Amino acid sequence: MDALLAGLNAAQRSAVTSPASVLQVLAPPGSGKTKTLTARVAYLINHDGFLPWNIIVCTFTIKAAREMKERIRGLVGDGIEAKLVLGTFHSVARRFLVRYGHLIGIEKNFGIADSKDSLAILKRIIKRQGYTVEPSVARSRISSLKARSTTAAQFAATSKKVEQHEFANIYTEYEETLRLSNQLDYDDLLLRCADLLRKHRDCVSTIQAVLIDEFQDTNHVQYELMSLFAQYMKRITIVGDPDQSIYGFRSAEIKNLERMREQYPETIVVNLENNYRSSGCILTAALAVIEQDESRPSKPLLPTHCVGERPILRKLPSAAVESKWIVTEIQRSKTLTGELFNFNDFSILLRSASLSRHIETSLGKAGIPYRMVGGHRFFDRVEVKIILDYLRVINQPDQNDALARIINVPPRTIGEVTVKSMLEEAELKKITLWELVRKAVRGEKRPETKLSKQAEKGLETFFNLIHTSRNKLLNADGQGCSLIDLIAYVLKKLSFEEYLRKSHPDDFENRWANVEELVAQATDMAVAAEDGINSDEDALPVVKGIEQREDSSEDLLSKFLANVALSTEVEKAEGEQIEQVTISTIHAAKGLEWPVVFIPAIYEGSIPHSRAEDTDEERRLLYVGMTRAQSLLYLSCPTKNSQRENTTLSQFIAPRNVTRVVDTKGPSFGFGVTQDLARILRRPCPPESVIQGARGLIERAEDDLWPLDGEELDPENNYWEPSNINSDTLPTSLPSKRRRVEAMTAVTTFAASVTTQNPSGYTVSSTTIKSGFVSAATHMQTIREIEASRKDLCHQGSTNTKAHQNESKKFGASLSTTKTTKKRPAGQGSITSFFASSTPTATQATGKPHQPSTTLKIYPPLPALPTLTRQDSLHDISHVHTVQTEQNLPYAAPSLPTHKLRNAPLHRRPRKAAHEEEVEATRYVLLSSSPVKSEDGERNAAGNEVVNKDSSSPIKPPISTSHSNISFSNGFRPASTLRTTSMAQLRNQPAPQRRTLGTRRSLQGWSVKTHQPPRPR
């Protein structure tokens, strides 16, 4: 007994040893509820002397039942746990119906209609009657009514509306179809068991204790079953947590806890407070969420691990970016912790499965293996389903849907139309399909459905196979037939191996292996039955005065088929990798845990869901998801959802008491952080050298790839970048943008490889327009002459600069403006950099790193411009802006622009700076391109006109910066691009005079019409 209580804390020990007849154990996440419940069962057996077969233990999943049975075996000894009445609610109810169902008219070897069978029945009913309701909606509604113990007759009696009468007819006909087929659906197992125990109370007269797991998820019928199981001894122990009640859509009632305390006033409540799963910070954030529900009772939740890392609430621009961020965080945390985590340690929990599209795409592109929780059951494989349907029909021929699926498999020339017609005929005549086939084959009564000679022969072959198989099963021929022999007989008669080889030649080996696996499972059950192993699985305590059905030869087949119908095991995909990231809904993750958990889409409409009726249950759902995490918890909210609609942060996360306990970016992984994570997970920590060396294995060691405020990156650059993170594909049409003239604003550019945005990286730069052919020797000689003249003039211009520095600073400050723009990554420019003039790098001027500034320095007007030859003017680039420092800079070779003009149309004229207005009126330019040859006299005359005009009206040079302070004598300012000079000429031309055709319309307003002069009287 001491060993049983040794591993329990004070609260758990109190719950296990409590003498109370009715006990409620409220166990929050990670508090060890399963350990407490199994210890309670062992305590009742070892200490109180209860008999195992008189104890009922109900769970909600087969996995939980199996785990509980394993733990009890370790506490009470091997073999004793098999005598317990332990399983899911449905499996325990089936036990009672198998043994005592005849007392309420349920025939032996009844069938269980699974969800697909129920849906098929409803589809036929709705189609035959011409109703408009969806079959899946009708199935859900029927299940909801049965969960509240409402029969078809009770619903029909209270129906008043036309729609209700229509549904009542569907419900009634559905129940009649199940009755004729001797089948019960999942809800009927619970309803009919409750009906049995109400009418025959003695069936549970020997039950000494009832224990229920996950009590907060019970519905009305399950609560009633609990009370009926314990109606004699009234000894009940339940384990649950009202904060984890998340199955309201399955008719679970959280009020059952309060209802139980009212029905049993002697109830004792024990609270488990210690959490053995999550870090302190994760629990703090989870409590901040769940405590927003003021109606819940206050319960402490104490961490047993260290504080750990704070949960992350990350804002991101879009759902696509959110999925990419999840991938980068998986890679970053896995690498920077020295492989402390593997892919199995990561889970992505979704409010709804529809959110997985972007995430699956990003994981696939990154080459990260993942698995979806759910999938196909092994027993749903086509080849396995065929064999199981044959066994169902052999065991119970009245199952219409199973018989209809196999009547032409393998092909027997019985068409699909013929099968449907016969099925409809049987249901209209209120007989089974098997009875219709039997009468047709024996010639007793010809069916109304027209049958061809080939179809009649196929029906005869099918009937003979089922009939002979049933005779073997029922031992009608005096020869015993085991389950294995029966399956082998069916496979041989069907030539099933040959059929699979012909119908599935590409996948024959895998499919035949599945058939062999099914045979192996049946063999294991048959051998266990012969050796007496698990013989008590379906046993119930013998009650005096009540007859129990005895087991027969066909009961082994019934048990095998029932285990298949109630199984929830999911097959593993072929070739499934060992390490995989898990993608699951929060509902499916109940009871599970992972070291790292991501919960994306934390916004209104997702959680709480837009169709949710109970906001409190949605809050509990988020609480359950958060408490699945052991060491790291990531929450994320995109500013735009997958439909590119704006989102609002979830009301469960927005309050101040939640945001103050979370961080806005992923953790910075170092040796200390890794030590805490390893301590929480109880794993060895990688050496510090490995942690430090891991930072060189990843491109970004911090979570800084996207803005922390969730704003989108500058779309002007993103649309042109081939790796646009804001959309999966580049836009088909780009918005037309024009250059914004901001003379006072510096543009920061970034170094990159040669792209269409960086034309200077090409072998030939095309920023200066030239015509004709120029040899390399002539070109180099011209450059040397220009450089020599600039070196001479550089010192002369610097003396005039200092005199005007103060005035220029004031003037520049008055012109500089600030404008809020969207944030973009460091070193990334905008579309305006395509049109702005190039600036020399700092290394060219001073050899030091360049520090970008937001305001360019303005210098005073340059002195008179010297006379240049025509050849010199073609190579001059003195109008190009640059950034100058306070000190005299040494001569730097000119750098060509690094932008490329965009050929999008300009919607309106670029804005000019205010100080350029008066300059534009008197500034003249000379096109740098070679003009068409003309007579020398005309060219000289045009040149004289320019000189004379310049002499009569002195030019005030524009305020700008240049590579060097060059003085020219004649006021001539050369241009380097055709586009700039063309725009300048257009601005100097007067606006064209407006012309009208016909009578000129008056432009006077409406006031003239309404205020006319008075007419003479």
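In which sense do strand β11 and strand β16 pair, and over how many bridges? In this predicted model, strand β11 (residues 312–316) pairs with β16 in the parallel sense, over 5 bridges. At Leu316, the residue standing opposite in β16 is Pro638.

Strand β16 spans residues 629–638 and is mostly covered, with 10 of its 10 residues buried. Strand β15 (residues 594–599) also runs parallel to β16, and 5 bridges join the two. Within this pairing, Ile599 has Leu635 of β16 as its bridge partner. Between β15 and β16 the chain passes through helix α25 (residues 615–626), and this β-α-β crossover is right-handed.

An open sheet is formed by 6 strands in the order β3-β2-β6-β7-β1-β8, with parallel pairing. Its edge strands are β3 (85–88) and β8 (268–271), each of which pairs on one side only. From one strand to the next, the twist averages 15 degrees. Inside this order, strand β6 (residues 209–212) and strand β7 (residues 236–240) run parallel and are joined by 3 bridges. Ile212 stands opposite Ile238 in β7.

Two helices that pack on the sheet are listed below.

| Helix | Strands touched | Angle between directions |
|---|---|---|
| α3 (residues 33–46) | β1 (22–26), β2 (55–59), β6 and β7 | about 170 degrees with β6 |
| α12 (residues 256–263) | β1, β7 and β8 | about 155 degrees with β1 |

Both helix α3 and helix α12 touch β1 and β7.

Terms used: Residues numbered from 1 in each chain as written. Predicted model: local features only at pLDDT ≥ 70, side-chain atom pairs only at ≥ 80, totals over all residues. Heavy atoms only, no water. Buried < 20%, exposed > 50% of the residue type's maximum accessible area, 1.4 Å probe, protein only. Helix = DSSP H or I, 4+ residues; strand = E, 2+ residues; numbered from the N terminus. Pairing = 2+ DSSP bridges. Right-handed = clockwise from strand over helix to strand, strands pointing away. Axes fitted to C-alpha atoms, helices over the stretch in contact; angles between N-to-C directions. Contact = heavy atoms within 4.5 Å.
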